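Dear colleague,

I am passing on to you the structure that follows, together with an account of what was found in it. Please read the notes with the sequence and the model open beside them.

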Amino acid sequence: MTWESVVRDNNGILSFDASIDLSHYGLPLESPAYVEAYRQTAWMRFDYGTASAPEAKTDNRLSGFDSLDGIRFRVKVAQSDGTHGKLLAVADKICPVSPEDGDSQRQCILPVKSEEMDCIWKLDFENEPILLISKKAGSKDIISKSMEFRTLAYPSILREVLHEIKNSGYEWKEDEDSWQNQWLKFINGLPSVGEMPGFSDEGQDSYCQWVDDAVESFCRNLRIIDTFVSYTEGEE
Amino acid sequence: MEKMRLRKLKETGIMKMGDYLDSLGGDKPPAFPLEILTDSSFSDFVSDVEVEPRKFRNKYELASYLHGLFSEASPADVVADTGLWCWLSLYFFEQLCPRERGGRFKPGARARWIPEVDNFQRYYRHLLAGPYRVFFFHRDRPERAMALLCGEICKQGDLIEQLASRQELITNKHLIEAVTSLYFDRESDRNKRGAGGKGAGSPRRLAEVIDQFNLTWDLYSLTANEFLGLLPAEFDRFKNN
(Lines give C-alpha, C1' and ligand atoms only; values in the text may rest on other atoms or scores of the structure.)
Protein backbone atom coordinates (compact mmCIF):
# COMPACT_ATOMS: atom_id res chain seq x y z
CA MET A 1 0.00 0.00 0.00
CA THR A 2 1.16 3.50 -0.73
CA TRP A 3 0.29 5.96 2.01
CA GLU A 4 1.28 9.56 2.33
CA SER A 5 -0.16 11.61 5.11
CA VAL A 6 0.38 14.99 6.65
CA VAL A 7 -0.97 16.14 9.99
CA ARG A 8 -1.42 19.83 10.67
CA ASP A 9 -1.96 22.01 13.69
CA ASN A 10 -3.54 25.22 12.44
CA ASN A 11 -3.97 27.38 15.56
CA GLY A 12 -5.25 24.44 17.57
CA ILE A 13 -7.39 22.94 14.80
CA LEU A 14 -5.84 19.55 14.11
CA SER A 15 -6.40 17.82 10.79
CA PHE A 16 -4.82 15.34 8.40
CA ASP A 17 -4.61 14.67 4.71
CA ALA A 18 -3.89 11.18 3.43
CA SER A 19 -3.38 9.89 -0.05
CA ILE A 20 -3.79 6.12 -0.28
CA ASP A 21 -3.18 3.74 -3.16
CA LEU A 22 -4.64 0.23 -2.74
CA SER A 23 -4.60 -0.72 -6.40
CA HIS A 24 -1.96 -3.49 -6.12
CA TYR A 25 -3.83 -5.77 -3.71
CA GLY A 26 -6.59 -7.19 -5.87
CA LEU A 27 -9.24 -6.03 -3.42
CA PRO A 28 -12.87 -6.02 -4.52
CA LEU A 29 -13.34 -2.58 -6.03
CA GLU A 30 -16.41 -1.63 -4.02
CA SER A 31 -15.09 -2.74 -0.62
CA PRO A 32 -15.41 0.12 1.88
CA ALA A 33 -12.18 1.71 3.14
CA TYR A 34 -11.71 3.46 6.46
CA VAL A 35 -8.94 5.43 8.12
CA GLU A 36 -8.68 5.36 11.91
CA ALA A 37 -6.56 7.76 13.96
CA TYR A 38 -5.61 6.69 17.47
CA ARG A 39 -3.39 7.29 20.45
CA GLN A 40 -3.77 5.49 23.78
CA THR A 41 -7.55 5.15 24.10
CA ALA A 42 -8.45 8.16 21.96
CA TRP A 43 -9.75 7.16 18.56
CA MET A 44 -11.49 8.57 15.50
CA ARG A 45 -12.76 6.92 12.35
CA PHE A 46 -13.08 8.39 8.88
CA ASP A 47 -15.01 7.00 5.93
CA TYR A 48 -12.51 6.79 3.07
CA GLY A 49 -14.60 5.68 0.13
CA THR A 50 -13.79 2.38 -1.55
CA ALA A 51 -10.73 0.28 -2.25
CA SER A 52 -10.80 1.41 -5.88
CA ALA A 53 -10.95 5.12 -5.01
CA PRO A 54 -9.91 5.77 -1.41
CA GLU A 55 -10.52 9.40 -0.52
CA ALA A 56 -11.88 11.36 2.41
CA LYS A 57 -15.65 11.40 2.49
CA THR A 58 -16.01 13.33 5.72
CA ASP A 59 -14.44 16.17 7.64
CA ASN A 60 -10.78 15.30 8.26
CA ARG A 61 -10.40 17.26 11.49
CA LEU A 62 -8.83 15.36 14.39
CA SER A 63 -11.22 16.89 16.90
CA GLY A 64 -10.89 13.98 19.32
CA PHE A 65 -7.22 14.75 19.99
CA ASP A 66 -5.71 17.57 22.00
CA SER A 67 -2.35 17.43 20.21
CA LEU A 68 -0.67 15.67 17.29
CA ASP A 69 1.91 13.99 19.54
CA GLY A 70 2.05 10.25 19.07
CA ILE A 71 -0.99 9.96 16.78
CA ARG A 72 -0.94 6.82 14.65
CA PHE A 73 -3.16 5.79 11.77
CA ARG A 74 -4.55 2.54 10.48
CA VAL A 75 -6.27 1.81 7.18
CA LYS A 76 -8.95 -0.88 6.98
CA VAL A 77 -10.74 -2.40 4.02
CA ALA A 78 -13.78 -4.50 4.93
CA GLN A 79 -15.94 -6.92 3.03
CA SER A 80 -19.28 -5.41 2.05
CA ASP A 81 -21.02 -8.54 0.80
CA GLY A 82 -20.83 -12.22 1.71
CA THR A 83 -19.14 -12.31 5.12
CA HIS A 84 -20.15 -8.75 5.86
CA GLY A 85 -17.67 -6.81 7.97
CA LYS A 86 -14.77 -9.21 7.61
CA LEU A 87 -11.44 -7.43 7.25
CA LEU A 88 -9.82 -7.83 3.86
CA ALA A 89 -6.77 -5.67 4.49
CA VAL A 90 -5.29 -3.68 7.36
CA ALA A 91 -2.26 -1.42 7.60
CA ASP A 92 -1.55 -0.36 11.17
CA LYS A 93 0.74 1.89 13.24
CA ILE A 94 1.30 4.33 10.42
CA CYS A 95 3.29 7.39 11.51
CA PRO A 96 2.21 10.61 9.86
CA VAL A 97 4.58 13.47 9.20
CA SER A 98 3.95 17.10 10.00
CA PRO A 99 5.04 19.99 7.75
CA GLU A 100 7.72 20.82 10.34
CA ASP A 101 9.28 17.37 9.91
CA GLY A 102 10.45 18.26 6.40
CA ASP A 103 12.05 15.30 4.66
CA SER A 104 13.25 13.67 7.85
CA GLN A 105 13.01 9.88 7.61
CA ARG A 106 13.94 9.32 11.26
CA GLN A 107 11.24 7.46 13.08
CA CYS A 108 10.39 8.46 16.63
CA ILE A 109 10.04 5.38 18.82
CA LEU A 110 9.01 7.29 21.94
CA PRO A 111 6.31 9.92 21.35
CA VAL A 112 5.97 12.45 24.16
CA LYS A 113 2.62 13.72 25.40
CA SER A 114 1.50 16.14 28.12
CA GLU A 115 -0.77 14.68 30.77
CA GLU A 116 -2.59 16.01 33.83
CA MET A 117 -0.92 14.03 36.63
CA ASP A 118 1.03 14.48 39.84
CA CYS A 119 4.19 12.54 39.01
CA ILE A 120 6.67 14.17 36.63
CA TRP A 121 6.76 11.37 34.07
CA LYS A 122 5.53 7.88 33.39
CA LEU A 123 5.23 5.50 30.47
CA ASP A 124 1.94 4.45 28.94
CA PHE A 125 1.89 1.10 27.13
CA GLU A 126 -1.72 1.10 25.91
CA ASN A 127 -0.69 0.68 22.25
CA GLU A 128 3.00 1.48 22.14
CA PRO A 129 5.26 3.24 24.65
CA ILE A 130 4.38 6.90 25.06
CA LEU A 131 6.26 9.13 27.45
CA LEU A 132 3.78 11.15 29.50
CA ILE A 133 5.03 14.32 31.14
CA SER A 134 3.01 16.19 33.72
CA LYS A 135 1.49 19.45 32.57
CA LYS A 136 2.00 20.68 36.11
CA ALA A 137 5.75 20.22 35.73
CA GLY A 138 5.96 22.43 32.63
CA SER A 139 6.46 22.13 28.88
CA LYS A 140 6.90 18.54 27.71
CA ASP A 141 9.32 19.67 25.02
CA ILE A 142 11.56 21.59 27.42
CA ILE A 143 11.48 18.88 30.09
CA SER A 144 12.02 15.90 27.77
CA LYS A 145 15.02 17.59 26.14
CA SER A 146 16.51 18.96 29.36
CA MET A 147 19.88 17.67 30.51
CA GLU A 148 18.48 16.61 33.89
CA PHE A 149 15.72 14.56 32.33
CA ARG A 150 17.92 12.99 29.66
CA THR A 151 20.51 11.80 32.14
CA LEU A 152 18.26 10.78 35.03
CA ALA A 153 15.08 9.54 33.36
CA TYR A 154 15.99 8.04 29.99
CA PRO A 155 18.06 5.11 31.29
CA SER A 156 15.10 4.13 33.52
CA ILE A 157 12.71 4.58 30.61
CA LEU A 158 14.80 2.25 28.46
CA ARG A 159 14.90 -0.34 31.25
CA GLU A 160 11.12 -0.16 31.73
CA VAL A 161 10.46 -0.51 28.00
CA LEU A 162 12.73 -3.55 27.68
CA HIS A 163 11.03 -5.26 30.61
CA GLU A 164 7.63 -4.45 29.10
CA ILE A 165 8.72 -6.14 25.85
CA LYS A 166 9.17 -9.32 27.85
CA ASN A 167 5.99 -8.85 29.89
CA SER A 168 3.92 -8.24 26.75
CA GLY A 169 4.60 -11.82 25.65
CA TYR A 170 6.30 -10.57 22.52
CA GLU A 171 7.85 -13.04 20.10
CA TRP A 172 10.59 -11.92 17.76
CA LYS A 173 9.62 -11.80 14.09
CA GLU A 174 12.25 -10.48 11.74
CA ASP A 175 10.08 -8.45 9.38
CA GLU A 176 7.42 -7.27 11.83
CA ASP A 177 6.95 -3.52 12.27
CA SER A 178 5.81 -3.72 15.89
CA TRP A 179 6.94 -1.21 18.52
CA GLN A 180 8.87 -4.03 20.19
CA ASN A 181 10.84 -4.66 16.99
CA GLN A 182 11.59 -0.97 16.58
CA TRP A 183 13.03 -0.80 20.10
CA LEU A 184 15.01 -4.00 19.65
CA LYS A 185 16.47 -2.67 16.40
CA PHE A 186 17.49 0.43 18.33
CA ILE A 187 19.23 -1.76 20.94
CA ASN A 188 20.93 -3.75 18.17
CA GLY A 189 22.52 -0.50 17.05
CA LEU A 190 24.19 0.01 20.43
CA PRO A 191 27.77 -1.25 20.89
CA SER A 192 28.60 -4.22 23.13
CA VAL A 193 25.08 -5.54 23.58
CA GLY A 194 24.75 -9.27 22.96
CA GLU A 195 21.87 -11.05 21.34
CA MET A 196 18.60 -10.87 23.24
CA PRO A 197 18.06 -14.05 25.28
CA GLY A 198 14.75 -15.93 25.32
CA PHE A 199 11.88 -15.11 27.66
CA SER A 200 11.62 -18.47 29.42
CA ASP A 201 11.50 -18.60 33.22
CA GLU A 202 14.93 -20.24 33.20
CA GLY A 203 16.17 -17.31 31.11
CA GLN A 204 14.88 -14.72 33.61
CA ASP A 205 18.31 -13.89 35.00
CA SER A 206 19.98 -13.73 31.61
CA TYR A 207 17.23 -11.44 30.30
CA CYS A 208 17.69 -9.08 33.27
CA GLN A 209 21.45 -9.16 32.64
CA TRP A 210 20.90 -8.37 28.96
CA VAL A 211 18.69 -5.41 29.91
CA ASP A 212 21.42 -4.18 32.27
CA ASP A 213 23.99 -4.45 29.48
CA ALA A 214 21.73 -2.57 27.07
CA VAL A 215 21.10 0.27 29.54
CA GLU A 216 24.82 0.51 30.38
CA SER A 217 25.69 0.67 26.68
CA PHE A 218 23.03 3.32 26.13
CA CYS A 219 24.51 5.42 28.95
CA ARG A 220 28.05 5.02 27.64
CA ASN A 221 26.98 5.85 24.12
CA LEU A 222 25.29 9.07 25.22
CA ARG A 223 28.06 9.88 27.75
CA ILE A 224 25.39 10.19 30.42
CA ILE A 225 27.82 10.33 33.37
CA ASP A 226 30.08 12.95 31.78
CA THR A 227 27.11 15.10 30.86
CA PHE A 228 25.65 14.81 34.33
CA VAL A 229 28.93 15.51 36.14
CA SER A 230 29.80 18.53 34.01
CA TYR A 231 26.32 19.91 34.65
CA THR A 232 26.43 19.40 38.43
CA GLU A 233 29.96 20.82 38.67
CA GLY A 234 28.80 23.83 36.68
CA GLU A 235 25.95 24.30 39.17
CA GLU A 236 28.24 24.41 42.19
CA MET B 1 -29.03 20.71 49.85
CA GLU B 2 -31.13 23.48 48.29
CA LYS B 3 -31.58 24.48 44.67
CA MET B 4 -28.57 26.39 43.34
CA ARG B 5 -27.60 28.16 40.16
CA LEU B 6 -24.92 26.32 38.23
CA ARG B 7 -21.34 27.19 39.24
CA LYS B 8 -17.85 25.80 38.65
CA LEU B 9 -14.97 25.40 41.07
CA LYS B 10 -11.90 27.61 40.72
CA GLU B 11 -8.43 26.15 41.18
CA THR B 12 -8.64 27.13 44.86
CA GLY B 13 -11.95 25.31 45.16
CA ILE B 14 -10.59 22.17 43.50
CA MET B 15 -7.66 22.18 45.92
CA LYS B 16 -9.99 22.56 48.88
CA MET B 17 -12.20 19.81 47.51
CA GLY B 18 -9.13 17.56 47.22
CA ASP B 19 -8.20 18.33 50.82
CA TYR B 20 -11.73 17.48 51.93
CA LEU B 21 -11.68 14.15 50.09
CA ASP B 22 -8.28 13.32 51.60
CA SER B 23 -9.60 14.04 55.09
CA LEU B 24 -12.53 11.63 54.85
CA GLY B 25 -10.65 8.48 55.78
CA GLY B 26 -10.91 8.87 59.56
CA ASP B 27 -13.61 7.99 62.09
CA LYS B 28 -14.71 11.59 62.46
CA PRO B 29 -15.04 13.08 59.00
CA PRO B 30 -15.00 16.89 58.92
CA ALA B 31 -18.10 18.91 58.13
CA PHE B 32 -19.07 19.18 54.47
CA PRO B 33 -17.43 22.34 53.06
CA LEU B 34 -20.61 23.93 51.74
CA GLU B 35 -18.86 27.26 51.27
CA ILE B 36 -16.92 25.83 48.28
CA LEU B 37 -20.18 25.61 46.38
CA THR B 38 -21.28 29.19 46.96
CA ASP B 39 -18.30 31.34 47.97
CA SER B 40 -16.86 33.30 45.06
CA SER B 41 -13.33 32.77 46.31
CA PHE B 42 -13.77 29.03 45.56
CA SER B 43 -16.28 28.96 42.71
CA ASP B 44 -17.59 31.04 39.81
CA PHE B 45 -21.12 31.57 38.56
CA VAL B 46 -21.75 29.69 35.28
CA SER B 47 -25.37 30.28 34.32
CA ASP B 48 -28.91 30.78 35.60
CA VAL B 49 -29.62 27.09 35.06
CA GLU B 50 -30.82 25.71 38.40
CA VAL B 51 -29.50 22.47 39.82
CA GLU B 52 -31.84 20.71 42.19
CA PRO B 53 -31.29 18.02 44.81
CA ARG B 54 -32.72 14.98 43.05
CA LYS B 55 -32.47 11.31 43.86
CA PHE B 56 -31.31 9.28 40.89
CA ARG B 57 -32.30 5.64 40.64
CA ASN B 58 -29.45 4.88 38.29
CA LYS B 59 -26.78 6.39 36.01
CA TYR B 60 -29.30 6.65 33.20
CA GLU B 61 -31.53 9.02 35.18
CA LEU B 62 -28.50 10.97 36.30
CA ALA B 63 -27.04 11.30 32.79
CA SER B 64 -30.43 12.19 31.33
CA TYR B 65 -30.80 14.95 33.94
CA LEU B 66 -27.31 16.30 33.21
CA HIS B 67 -27.93 16.16 29.47
CA GLY B 68 -31.03 18.33 29.99
CA LEU B 69 -29.07 20.66 32.28
CA PHE B 70 -26.47 21.29 29.58
CA SER B 71 -28.88 21.45 26.64
CA GLU B 72 -27.90 25.04 25.86
CA ALA B 73 -24.15 24.57 26.31
CA SER B 74 -21.46 23.43 23.88
CA PRO B 75 -20.88 19.69 24.53
CA ALA B 76 -17.13 20.04 23.99
CA ASP B 77 -16.95 22.79 26.59
CA VAL B 78 -19.03 20.82 29.09
CA VAL B 79 -16.95 17.67 28.75
CA ALA B 80 -13.67 19.53 29.23
CA ASP B 81 -14.74 21.72 32.17
CA THR B 82 -13.01 20.24 35.20
CA GLY B 83 -14.33 22.93 37.57
CA LEU B 84 -17.92 22.32 36.50
CA TRP B 85 -17.75 18.58 37.16
CA CYS B 86 -16.05 19.15 40.50
CA TRP B 87 -18.79 21.55 41.57
CA LEU B 88 -21.51 19.10 40.52
CA SER B 89 -19.71 16.24 42.29
CA LEU B 90 -19.75 18.19 45.54
CA TYR B 91 -23.37 19.24 45.04
CA PHE B 92 -24.43 15.59 44.71
CA PHE B 93 -21.86 14.37 47.22
CA GLU B 94 -24.36 12.64 49.51
CA GLN B 95 -25.57 10.40 46.69
CA LEU B 96 -22.18 9.83 45.17
CA CYS B 97 -20.53 8.94 48.46
CA PRO B 98 -22.98 7.31 50.85
CA ARG B 99 -21.65 6.56 54.32
CA GLU B 100 -20.27 3.11 54.90
CA ARG B 101 -21.09 1.07 57.99
CA GLY B 102 -19.81 2.92 61.05
CA GLY B 103 -20.44 6.29 59.41
CA ARG B 104 -17.22 6.45 57.43
CA PHE B 105 -16.95 7.87 53.93
CA LYS B 106 -14.99 6.05 51.27
CA PRO B 107 -14.61 8.46 48.35
CA GLY B 108 -12.12 6.32 46.42
CA ALA B 109 -9.73 7.52 43.74
CA ARG B 110 -9.47 11.20 42.83
CA ALA B 111 -10.48 10.47 39.24
CA ARG B 112 -13.99 9.65 40.55
CA TRP B 113 -14.36 13.25 41.75
CA ILE B 114 -11.97 15.39 39.73
CA PRO B 115 -12.17 14.38 36.06
CA GLU B 116 -8.98 13.85 34.12
CA VAL B 117 -10.25 15.61 31.03
CA ASP B 118 -7.17 14.89 28.90
CA ASN B 119 -7.18 11.22 29.65
CA PHE B 120 -9.95 9.25 27.92
CA GLN B 121 -8.96 6.12 29.81
CA ARG B 122 -9.53 7.66 33.22
CA TYR B 123 -12.21 10.23 32.32
CA TYR B 124 -14.84 7.52 32.66
CA ARG B 125 -14.00 6.96 36.27
CA HIS B 126 -15.65 10.28 37.10
CA LEU B 127 -18.96 9.45 38.72
CA LEU B 128 -20.90 12.14 36.83
CA ALA B 129 -18.89 12.96 33.71
CA GLY B 130 -18.46 9.26 32.82
CA PRO B 131 -22.18 8.39 32.58
CA TYR B 132 -22.91 11.77 30.97
CA ARG B 133 -20.43 11.08 28.20
CA VAL B 134 -21.80 7.57 27.56
CA PHE B 135 -25.31 9.09 27.39
CA PHE B 136 -24.08 11.86 25.09
CA PHE B 137 -22.50 9.44 22.60
CA HIS B 138 -25.83 7.60 22.40
CA ARG B 139 -28.13 10.58 22.78
CA ASP B 140 -30.12 9.62 19.66
CA ARG B 141 -31.32 6.50 21.57
CA PRO B 142 -29.69 6.34 25.00
CA GLU B 143 -31.58 3.15 25.96
CA ARG B 144 -29.07 1.43 23.70
CA ALA B 145 -26.47 1.92 26.45
CA MET B 146 -28.66 0.72 29.36
CA ALA B 147 -26.25 -2.08 30.27
CA LEU B 148 -23.69 0.59 31.11
CA LEU B 149 -26.12 3.08 32.64
CA CYS B 150 -28.46 0.94 34.76
CA GLY B 151 -26.25 0.75 37.86
CA GLU B 152 -26.12 2.87 41.02
CA ILE B 153 -24.49 6.25 40.52
CA CYS B 154 -22.00 5.74 43.34
CA LYS B 155 -20.51 2.63 41.68
CA GLN B 156 -18.63 2.54 38.43
CA GLY B 157 -19.45 -1.00 37.31
CA ASP B 158 -17.39 -3.52 35.38
CA LEU B 159 -18.93 -2.82 31.97
CA ILE B 160 -17.97 0.84 32.16
CA GLU B 161 -14.48 -0.16 33.26
CA GLN B 162 -14.08 -2.62 30.39
CA LEU B 163 -15.74 -0.73 27.55
CA ALA B 164 -16.17 2.96 28.26
CA SER B 165 -12.48 3.74 28.53
CA ARG B 166 -11.95 2.76 24.89
CA GLN B 167 -13.34 5.27 22.48
CA GLU B 168 -13.60 2.88 19.54
CA LEU B 169 -15.86 0.66 21.62
CA ILE B 170 -18.03 3.15 23.49
CA THR B 171 -18.85 5.12 20.33
CA ASN B 172 -19.79 1.99 18.38
CA LYS B 173 -23.61 2.07 18.42
CA HIS B 174 -24.16 -1.46 17.15
CA LEU B 175 -21.66 -2.91 19.58
CA ILE B 176 -23.17 -1.10 22.57
CA GLU B 177 -26.64 -2.20 21.45
CA ALA B 178 -25.35 -5.78 21.40
CA VAL B 179 -23.83 -5.39 24.87
CA THR B 180 -27.16 -4.14 26.26
CA SER B 181 -29.02 -6.95 24.52
CA LEU B 182 -26.58 -9.41 26.09
CA TYR B 183 -26.41 -8.19 29.69
CA PHE B 184 -29.41 -5.94 30.43
CA ASP B 185 -32.65 -7.38 31.79
CA ARG B 186 -35.51 -5.08 30.79
CA GLU B 187 -37.95 -6.65 33.26
CA SER B 188 -35.90 -5.96 36.34
CA ASP B 189 -34.31 -2.80 34.87
CA ARG B 190 -30.93 -4.13 35.97
CA ASN B 191 -28.13 -6.15 34.51
CA LYS B 192 -28.51 -9.94 34.56
CA ARG B 193 -26.92 -11.98 37.32
CA GLY B 194 -23.29 -12.69 36.52
CA ALA B 195 -22.89 -9.62 34.33
CA GLY B 196 -20.44 -8.18 36.83
CA GLY B 197 -18.31 -11.27 37.32
CA LYS B 198 -14.99 -12.39 35.97
CA GLY B 199 -15.74 -15.81 34.53
CA ALA B 200 -17.05 -17.16 31.25
CA GLY B 201 -19.29 -14.72 29.41
CA SER B 202 -18.42 -11.83 31.73
CA PRO B 203 -17.67 -8.25 30.60
CA ARG B 204 -13.97 -8.95 31.15
CA ARG B 205 -14.13 -11.90 28.81
CA LEU B 206 -16.15 -9.81 26.36
CA ALA B 207 -13.36 -7.22 26.28
CA GLU B 208 -10.85 -9.99 25.51
CA VAL B 209 -13.06 -11.47 22.80
CA ILE B 210 -13.51 -8.02 21.24
CA ASP B 211 -9.71 -7.66 21.08
CA GLN B 212 -9.55 -10.99 19.22
CA PHE B 213 -12.40 -10.01 16.87
CA ASN B 214 -10.60 -6.77 16.08
CA LEU B 215 -7.96 -8.80 14.25
CA THR B 216 -10.49 -10.31 11.87
CA TRP B 217 -13.54 -8.06 11.82
CA ASP B 218 -14.27 -4.42 11.27
CA LEU B 219 -16.51 -4.12 14.33
CA TYR B 220 -17.94 -0.81 13.20
CA SER B 221 -19.35 -2.48 10.08
CA LEU B 222 -21.21 -5.19 12.01
CA THR B 223 -24.82 -4.92 13.13
CA ALA B 224 -25.69 -5.84 16.73
CA ASN B 225 -27.09 -9.20 15.61
CA GLU B 226 -24.06 -9.94 13.45
CA PHE B 227 -21.80 -9.25 16.42
CA LEU B 228 -23.91 -11.39 18.78
CA GLY B 229 -23.82 -14.20 16.23
CA LEU B 230 -20.03 -14.26 16.34
CA LEU B 231 -19.77 -14.65 20.13
CA PRO B 232 -18.54 -18.01 21.40
CA ALA B 233 -20.76 -20.39 23.35
CA GLU B 234 -19.64 -19.07 26.75
CA PHE B 235 -21.96 -16.07 26.14
CA ASP B 236 -25.01 -18.23 25.42
CA ARG B 237 -26.22 -18.07 29.01
CA PHE B 238 -26.66 -14.31 28.62
CA LYS B 239 -27.97 -14.47 25.07
CA ASN B 240 -30.65 -17.00 25.95
CA ASN B 241 -31.59 -15.55 29.31
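**Strands of chain A**

In chain A, strand β3 (residues 32-39) and strand β5 (residues 72-78) run antiparallel and are joined by six bridges. One of the places where you can find this pairing is A:Val35, whose bridge partner in β5(A) is A:Val75. Before going further, please keep in mind that this is a predicted model, and that what I describe below was computed from it.

The pairing of β3(A) with β5(A) belongs to an open sheet of four strands in chain A, in the order β4-β3-β5-β6, with antiparallel pairing. At the edges of this sheet stand β4 (42-50) and β6 (87-94) of chain A, and because each has a single partner strand, one side of each is left without a neighbour in the sheet. From one strand to the next, the twist averages 15°.

**Chain A as a whole**

Taken together, the secondary structure of chain A comes to six helices and nine strands. Of the 236 residues in chain A, 24% are buried. If one considers the contacts in chain A between residues at least 6 apart in sequence, 48% of them join residues at least 24 apart.

Chain A is divided into domain 1, covering 2-101, and domain 2, covering 112-235, and the C-alpha centres of these two domains of chain A lie 30 Å apart. Seven residues from domain 1 of chain A and seven residues from domain 2 of chain A take part in the contact between them. On the side of domain 1 of chain A that touches domain 2 of chain A, the residues are one nonpolar, four polar and two charged.

**Domains and helices of chain B**

Chain B is likewise divided into domains, with domain 1 at 1-147 and domain 2 at 157-241. Taken over C-alpha atoms, the centres of domain 1 and domain 2 of chain B are separated by 28 Å. The contact between these domains of chain B takes 11 residues from domain 1 and 15 residues from domain 2. On the side of domain 1 of chain B that touches domain 2 of chain B, at least two residues are supplied by each of α7 (120-123), α8 and α9 (146-149) of chain B, and the largest share, three residues, comes from α8(B). By class, that side of domain 1 of chain B has seven nonpolar, three polar and one charged residues.

Is α8(B) mostly covered or mostly uncovered? Seven of the nine residues of α8(B) are buried, and the helix is mostly covered; the buried residues are B:Ala129, B:Gly130, B:Pro131, B:Tyr132, B:Arg133, B:Val134 and B:Phe135.

Within chain B, helix α8 (residues 129-137) packs with helix α3 (residues 59-69) at an angle of about 75°, their axes being 8 Å apart, and that angle makes α3(B) roughly perpendicular to α8(B). The residues that meet are B:Lys59, B:Leu62, B:Ala63, B:Ser64, B:Leu66 and B:His67 in α3(B), and B:Pro131, B:Tyr132, B:Val134, B:Phe135 and B:Phe136 in α8(B). By class, the residues of this contact of α3(B) with α8(B) divide into eight nonpolar, two polar and one charged.

Another helix of chain B to look at is α12 (residues 173-183), which is largely enclosed by the rest of the structure, because eight of its 11 residues are buried. In α12(B), the buried residues are B:Leu175, B:Ile176, B:Glu177, B:Ala178, B:Val179, B:Thr180, B:Leu182 and B:Tyr183.

**Where the chains meet**

Finally, the contact between the two chains takes 16 residues from chain B and 15 residues from chain A. On the side of chain B that touches chain A, α7 and α11 (167-170) of chain B each supply at least two residues. That side of chain B has, by class, four nonpolar, six polar and six charged residues.

With best wishes

Note on methods. Residues numbered from 1 in each chain as written. Chains lettered and ligands numbered in written order. Predicted model: local features only at pLDDT ≥ 70, side-chain atom pairs only at ≥ 80, totals over all residues. Axes fitted to C-alpha atoms, helices over the stretch in contact; angles between N-to-C directions. Parallel < 35°, antiparallel > 145°, perpendicular 65-115°, else oblique. Nonpolar A, V, L, I, M, F, W, Y, C, P; charged D, E, K, R; others polar. Buried ≥ 20, exposed ≤ 12 C-beta atoms within 10 Å, placed from the backbone. Domains from an automatic or database assignment. Pairing = 2+ DSSP bridges.
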